[in-house]
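Here's a quick tour of one model, taken sheet first, then surface, then charged pairs. Have a look at the structure before reading on.

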Amino acid sequence: PINSYLQLLKLVVLVISAILAFCYLLNLSPWGILSGIGALGAIILLVFKDTILGLVASIQVYSGGLVKEGDWIEMRSLDIDGEVLEVGLHRVKVKAWDNSITTFPTSKFLELTFKNWRNMTESGGRRIKRTLIIKSSSVKFLNKSSLNEISKLSLMKNYITNKSKELSKENNDKINTPNERRLTNIGCFRAYVYNYLTDHKNINQNMTILVRQLPINQYGLPLEIYAFTKNTEWKNYEDTQSDIFDHLLASIKYFEL
C-alpha cells in the first residue's frame, strides 16, 4: 500500500534535486526559484494532472479498502477482468485469466464503476444462479402410481408423507371435485431439488438456498436454482455446479417432466 507514496516521494525528491542543481549551476538562491514556482502553480497542476489524480485515487482506494493486490476486479467499461498485481501512483496492473497484463490509470477508479469480488472469496460462499427450462406441457397432477414411484426416492419420503397428510385434512369435502388439492410433478421436483441442495456436502447451508419458478416464457417454465458453494475457487466451484446439474438433469425423468 505504501508503493504510491514512495513513488510520490521519489517524484518530489527529483523535482527538488533538479531545482537545487539548476540553482547551483547558475549560482542562484533556491528560495528565489521556489517562490517563483508559486506563480506557476497552474502550469504545474496542468503538467502533473495525472500524477495528482493518481495520488488522490490511490489514497481513496487504499483508505477505503476498495482494492488491494490479489483482488479479483471486473471493470466492464474497459473490458478488464482479472487479478490486481499492482496499484501504483500512475497506473494499475491487472492480470487477466488468459495471463495477459492490462494497465490503466489509477484515476479510472474514481471515474468508472468496477466490481471487486474479494468479499465473495472472504464470505466462504460463491453463488450458483442458473435455471432449468421445464416443458410446460409436461406439468401435470400426480396419480397414485406416479406418487408411489416418487415416494421411493429417499429425499422425497418425508415430503410426500407430510404433504399427503396436509392435503387429506384440507380435502375432506373436496375429493373428486375441481377444488380438490393434488400434488403436481413440478411441485414435487421443486421440493426434490431443494432437499438435494440442503443435503449436498459442498453447498453452504448458512447462506440462502432457494428453488423458485420464474415467469413462463416461449421456451417453457424456468426453474431457478439459487445457492452458494462452500469452496470459492473457480475450478471447485465449476465442478460442484456441474455435478449438481448433472444429477438434476438425470433425475427429472422420475417426475415425468
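Predicted model: local features only at pLDDT ≥ 70, side-chain atom pairs only at ≥ 80, totals over all residues.

## Ground rules

Two strands count as paired if DSSP finds at least two bridges between them. Helices (H or I, at least four residues) and strands (E, at least two) are DSSP runs, numbered from the N terminus.

Residues are numbered from 1 along each chain as its sequence is written, and side-chain values use heavy atoms, leaving out hydrogens and water.

## The sheet

Three strands make an open antiparallel sheet, ordered E6-E8-E7. E6 (126–134) and E7 (210–213) sit at the edges with a single partner strand each, so one side of each has no neighbour in the sheet. From one strand to the next, the twist averages 15 degrees; axes here are lines fitted to C-alpha atoms, for helices over the stretch in contact, with angles running from 0 to 180 degrees between N-to-C directions.

E7 and E8 (residues 221–229) are joined by four bridges, and Gln 213 stands opposite Leu 223 in E8. Helix H10 (residues 234–251) lies across E6 and E8, at about 25 degrees to E6 (contact means heavy atoms within 4.5 Å).

## Salt bridges

What does a search of the whole structure turn up? It finds nine salt bridges, each a side-chain nitrogen of Lys or Arg within 4 Å of a carboxyl oxygen of Asp or Glu.

Glu 224 is in strand E8 and Arg 212 in strand E7, so the pair ties together parts 12 residues apart in sequence. Glu 224 is buried at 5% relative accessible area, while Arg 212 is partly exposed at 38% (buried means under 20%, exposed over 50%, partly exposed in between, with a 1.4 Å probe and protein chains only).

Lys 140 and Glu 256 also form a salt bridge, their closest N and O atoms being 2.3 Å apart. Lys 140 lies in the loop between E6 and helix H7 (144–151) and Glu 256 in the segment after H10, so this pair links parts 116 residues apart in sequence. Lys 140 is partly exposed at 39%, and Glu 256 is partly exposed at 36%.

Elsewhere, Lys 163, Glu 166 and Arg 181 are linked in a salt-bridge network.
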